[in-house]
Amino acid sequence: MNFYRNIKTVLQFSMLVIVICCSTNIIAQHRGDNLSFQGLSFKDNIDVKASSMGGAVIAVSGNLFSLFYNPAGLAKIDKIQISISANQYNRHWRENQNYYANRNFTSLPFYLEGLYVPKIENNGKWDGDLYKDTAKYLINAPKLGHDEYDEEVAQWKNDKSESGLKNISAAIPFSLGERKFVVAAGYYKTQINDFDRNETFLSPMFQSYDYETGFKRTVNGVDTLNLEWSRFLRSRNGSMNNIVAGISNELTENIMLGVGIKIQSGESDDYLSLNRAGDFHLIDAQKFKFYFVDYQKVVAGTSKFSSTSFNIGAMVNINKVSLGFKIDLPYTLTREWNYTTTEKGIKNTSKTQSLKDEVKMPATYNFGISFHPVENFLMAFAYESTPYSSAEFNFGAADTTFRKWSNQNTLSFGLEYKMFSYLSLMAGYRSIPEVFIPDGAAVKDKGPISNSYNIGFSLKTALGCFDFAFEYRSMKYY
């Protein structure tokens with residue numbers, strides 16, 4: 001929803017409803033990371049019109065969305081503006097798990113994929129003796145679909161939907177002497193969502209050097225190697241409140257400068273569980289036993305996040321071309337958490353712990369260019385780079401599962417066509433890499449990419465301006 005108020009000799013009011021729908025398809029990330037700062041790197045859309053252009057508005061001025069994307073662009077606002085927006089999103093996760101074995105333990109993947117369900121009366125028996133009885137050793141057929149990402153193939157699904165107020169903001173132009181300034185402030189809400197699931201959490205991670213350095217890939221036929229199999233689940237749900245303010249100055253007719261501040265605070269409900277399915281006792285290349293194990297570990301509690309950050313921006317207009325620059329300065333994000341850890345098995349224990357984690361975020365660099373080839377047509381491009389690999393994480397408690405984030409370089413492209421003086425059509429695309437590297441990924445320095453497709457329109461009326469945007473975002477990876 002966008003709501004503008006222009007003050008001339010009379011007050012004019014307007015209001016509009018906007019819906020943003022987001023669909024994201026993802027699967028498990030690593031073998032299973034502990035709770036830390038997951039869910040905070042999601043690239044959310046803030047303003048309606050900016051969303052419909054894929055967020056490629058670093059070099060677009062004269063709109064209130066500059067408060068969130070580049071404060072320098074506020075300088076071209078010549079009337080009071082007020083904006084209110086709401087959104088609705090739907091997110092979908094689904095997973096199709098395939099565990100590929102080499103020449104060793106060829107039947108073990110049947111257990112891990114759920115194609116063979118072991119029976120309690122066979123506890124501790126040799127697998128090779130069991131599969132000789134073809135009447136009882138039943139292997140279910142795997143699900144088949146159009147491809148590995150097809151919904152019919154999915155072995156697991158999760159959905160989440162939410163709607164409500166997205167942001168409210170205002171800008172006021174004023175003059176000091178011969179200098180023109182615009183001051184703006186606003187509030188917006190972002191979601192904190194994270195979900196990771198791994199049905200084959202193995203310890204040690206058999207045939208992998210990623211977790212246990214130098215782990216022996218084969219067994220020797222004499223000693224027993226105990227391979228623990230668990231089901232891992234981690235979730236985080238919450239929201240972040242963002243208060244922003246900025247001021248911009250039109251240094252000359254073609255040069256604008258701006259500075260901004262953002263104060264973040266939020267809270268999430270966190271959950272992590274590790275349910276032991278059983279243990280594999282490995283002897284040699286094809287000989288193993290399976291034992292059921294009754295053990296569960298649950299970590300549940302809350303996290304509170306807070307930070308204060310600053311940004312500086314500039315914009316240069318050259319004929320029909322505008323160049324925009326913004327730097328989000330380094331800042332520290334704090335997480336204060338309170339968890340209760342419960343273990344059930346041979347012994348039942350419960351422990352509550354409250355600690356603080358910090359991450360020193362590096363600077364984010366933004367560059368944009370917009371071009372008016374003809375009067376009614378606008379093309380815009382933006383590039384954002386955050387070297388997250390240089391972020392410094394400091395944990396209150398040791399975390400052996402943590403992996404550093406990878407760098408995030410986001411590309412955006414947007415179009416606007418003014419069909420009539422009162423109606424604009426917009427479209428955009430954004431490529432957003434994730435900050436984690438999935439297990440087994442061939443490329444070790446770049447996360448999987450989300451592709452975002454956006455459309456929208458802006459309608460001017462006597463009451464004000466009504467904006468609408470729709471986004472479809474999808475991420476698929478092995």
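Predicted model: local features only at pLDDT ≥ 70, side-chain atom pairs only at ≥ 80, totals over all residues.

1. Overall make-up. The protein chain has 4 helices and 19 strands. Of its 478 residues, 49% count as buried, and the chain exposes about 23,100 Å², of which carbon and sulfur atoms supply 56%. Among the contacts between residues at least 6 apart in sequence, 71% join residues at least 24 apart.

2. The structure holds 19 salt bridges, and one of them joins the side chains of D270 and R236, at 2.9 Å from N to O. Because D270 lies in strand 7 (residues 255-282) and R236 in strand 6 (residues 225-250), this pair ties together parts of the chain that are 34 residues apart in sequence. Both D270 and R236 are buried.

3. The side chains of R335 and D357 meet in a salt bridge with an N to O distance of 2.8 Å. The pair links distant parts of the chain, with R335 in strand 11 (residues 331-344) and D357 in strand 12 (residues 349-361), 22 residues apart. Is R335 buried or exposed? Its relative accessible area is 1%, and because buried means under 20%, R335 is counted as buried; D357, at 2% relative accessibility, also counts as buried. The charged end of R335 also sits over the ring of F37, 5.9 Å from the centre of that ring.

4. Further charged pairs. R276 and D279 meet through their side chains in a salt bridge of 2.9 Å, N to O, and both residues are buried. A network of salt bridges links E95, R197, E199 and R231.

5. The surroundings of R473. This residue belongs to strand 19 (residues 464-475), and R473 is buried, with a relative accessible area of 2%. What does the side chain of R473 contact among side chains? It makes a polar contact with the side chain of E471, at 2.9 Å, while a polar atom of the R473 side chain also lies 2.8 Å from the backbone oxygen of K43.

6. Aromatic residues. The structure holds 31 aromatic pairs, and among them F395 and F402 form an edge-to-face pair, with 4.9 Å from centre to centre and 65° between the planes. One aromatic cluster is formed by F105, Y111, Y116, Y131, Y137, W229, F280, F288, F290 and F292. In a separate arrangement of charge and ring, the charged end of K289 sits over the ring of W126, 4.3 Å from its centre.

7. The loop that holds G114. G114 is found between helix 3 (108-112) and helix 4 (127-130), and at 38% relative accessibility it counts as partly exposed. The C-alpha atom of G114 is separated by 9.7 Å from that of Q155, although the two residues are 41 apart along the chain.

8. Backbone geometry to check. Most residues other than glycine have a negative phi, and most peptide bonds are trans. Against that background, N319 has a positive phi of about 55° although it is not a glycine. The peptide bond from S203 to P204 is cis, with omega near 0°, and P204 is found in the loop between strand 5 (179-203) and strand 6.

Terms used
Residues numbered from 1 in each chain as written. Heavy atoms only, no water. Helix = DSSP H or I, 4+ residues; strand = E, 2+ residues; numbered from the N terminus. Buried < 20%, exposed > 50% of the residue type's maximum accessible area, 1.4 Å probe, protein only. Polar contact = N/O pair within 3.5 Å; in protein donor to acceptor, adjacent residues only side chain to side chain. Phe/Tyr/Trp six-rings, centres within 6.5 Å; stacked < 30°, edge-to-face > 60°. Lys NZ or Arg CZ within 6 Å of the ring centre and 35° of its normal. Salt bridge = Lys/Arg side-chain N within 4 Å of Asp/Glu carboxyl O. Contact = heavy atoms within 4.5 Å. Areas by Shrake-Rupley, 256 points an atom, 1.4 Å probe, with all protein chains shown as cover.
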